[in-house]
Amino acid sequence: MELTFYIHRNKTDNYKLMPEPIPFHELVIVLQGKMYYEIDGEEIELNDRDIAYIPFGHVRSRRLSPEPPDYVSMHFVSDEPLPLPLKMTNVVHGCVPHLIAATDSAMRRFGQPRFGERPIPLIDQLMRTLVDYLRLELSRPRESGYVKKMKQYMTEHLYLPFQVKELAEYMSISPSYCHAVFKKETGVPIMTYFNSLRLQEAKNLLVLGGHSLSDIVEVLCFYDYNYFSRIFKKHFGITPAQYKKQLYSLG
């Protein structure tokens with residue numbers, strides 16, 4: 001498996017692709033926005049945090065998005081198709097934004113590999129790590145419908161005020177039962193899980209750049225910077241200011 005092309009389009013382009021077989025494998029990673037593909041006649045809508053895998057030789061087309069999306073496209077060659085579905089929903093979390101940021105940095109430094117050149121080992125390894133991560137995510141045991149629906153609700157409310165009472169109302173169950181079901185299946189309380197999601201999102205925003213610490217505190221509804229800094233350090237072992245400084249030093 002070798003990477004032949006990589007591009008991160010951060011809300012800069014919005015264009016159609018006409019139907020044609022592709023002479024490579026492609027991963028499309030949507031960080032923010034909507035994208036509409038048709039693969040071998042099957043319509044696929046991608047939203048925030050979704051990934052599409054388009055195997056070699058499949059007919060791919062794309063129509064215009066409502067607004068230019070923030071997405072990554074990777075082309076690569078492989079002897080065999082990857083064991084991935086065409087669409088992977090809500091999988092851009094954990095290490096994925098960090099892998100993208102590291103690849104962006106490497107591409108700025110080394111540039112695109114020219115046709116016939118061997119891929120840059122660092123970039124090639126980052127892509128392999130991403131594929132391994134996706135395989136691992138897809139192999140995890142399936143959750144019950146209740147917990148899956150709760151997690152989806154929490155993911156959709158990262159940028160909104162959140163209360164367990166409102167989650168319970170959405171689920172049409174009592175708050176106490178909501179707490180019990182979630183902890184029994186996941187092993188962690190709801191607020192612990194939600195705070196970890198929100199902190200990871202804060203870290204992702206720092207990695208992707210373009211946000212000040214005060215912006216992150218506001219958009220993720222932490223309200224108080226000192227509280228945000230304290231729980232960030234407790235969770236990651238480093239303050240957000242120190243983490244941001246590390247990112248600047250790397251790149």
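Trainee: At the start of helix 8, which side-chain oxygen reaches to within 3.3 Å of the backbone nitrogen of N226?

Mentor: A bit of housekeeping: this is a predicted model, where local features need pLDDT of at least 70 and side-chain atom pairs count only at pLDDT 80 or more, while totals for chains, interfaces and linings use all residues. Residues are numbered from 1 along each chain as its sequence is written, and side-chain values use heavy atoms, with hydrogens and water left out.

Now to your question. The oxygen belongs to D224, and it comes to within 3.3 Å of the backbone nitrogen of N226 at the start of helix 8. That's a polar contact (a pair of N or O atoms within 3.5 Å; within protein, one must be able to donate a hydrogen and the other to accept it, and residues adjacent in sequence count only if both atoms are side-chain atoms). Helices here are DSSP runs of H or I with at least four residues, numbered from the N terminus.

Helix 8 covers residues 225-236, 12 residues in total, and its first and last C-alpha atoms are 16 Å apart, close to the 16 Å expected at 1.5 Å a residue. The expected span is 1.5 Å times one less than the number of residues. After the helix comes G237, with a positive phi near 80°.

Which residues of helix 8 are buried? They're F228, S229, I231 and F232, where buried means under 20% relative accessible area, exposed over 50% and partly exposed in between (1.4 Å probe, protein chains only). S229 counts as buried because its relative accessible area is 13%. Leaving aside neighbours within four places in sequence, S229 is in contact with T239 and P240; contact means heavy atoms within 4.5 Å.

The partner to look at next is helix 6. Its axis and that of helix 8 come within 11 Å and cross at roughly 95°. Axes are lines fitted to C-alpha atoms, for helices over the stretch in contact, and angles run from 0 to 180 degrees between N-to-C directions. So helix 6 is roughly perpendicular to helix 8; angles of 65 to 115 degrees count that way, under 35 as roughly parallel, over 145 as roughly antiparallel and the rest as oblique. Helix 6 brings N195, S196, L199, Q200, A202, K203 and L206 to the contact, and helix 8 brings Y227, F228, I231, F232, H235 and F236. By class, that contact has 8 nonpolar, 4 polar and 1 charged residues. For the classes, Ala, Val, Leu, Ile, Met, Phe, Trp, Tyr, Cys and Pro count as nonpolar, Asp, Glu, Lys and Arg as charged, and the others, Gly among them, as polar.

Zoom in on L199, which sits in helix 6 (residues 190-208). L199 is buried, at a relative accessible area of 3%. Beyond neighbours within four places in sequence, L199 is in contact with F222, F228, I231, F232, H235 and F236.

Helix 6 also packs with helix 1 (residues 96-110), at an angle of about 10° and with the axes 9 Å apart. That makes helix 1 roughly parallel to helix 6. Here P97, H98 and A101 of helix 1 meet Q200, K203, N204 and V207 of helix 6, a set that divides into 3 nonpolar, 3 polar and 1 charged. Q200 and K203 turn up in the helix 8 contact too. Finally, just after helix 6, G209 takes a positive phi of about 80°.

Technical notes:
Helices (H or I, at least four residues) and strands (E, at least two) are DSSP runs, numbered from the N terminus.
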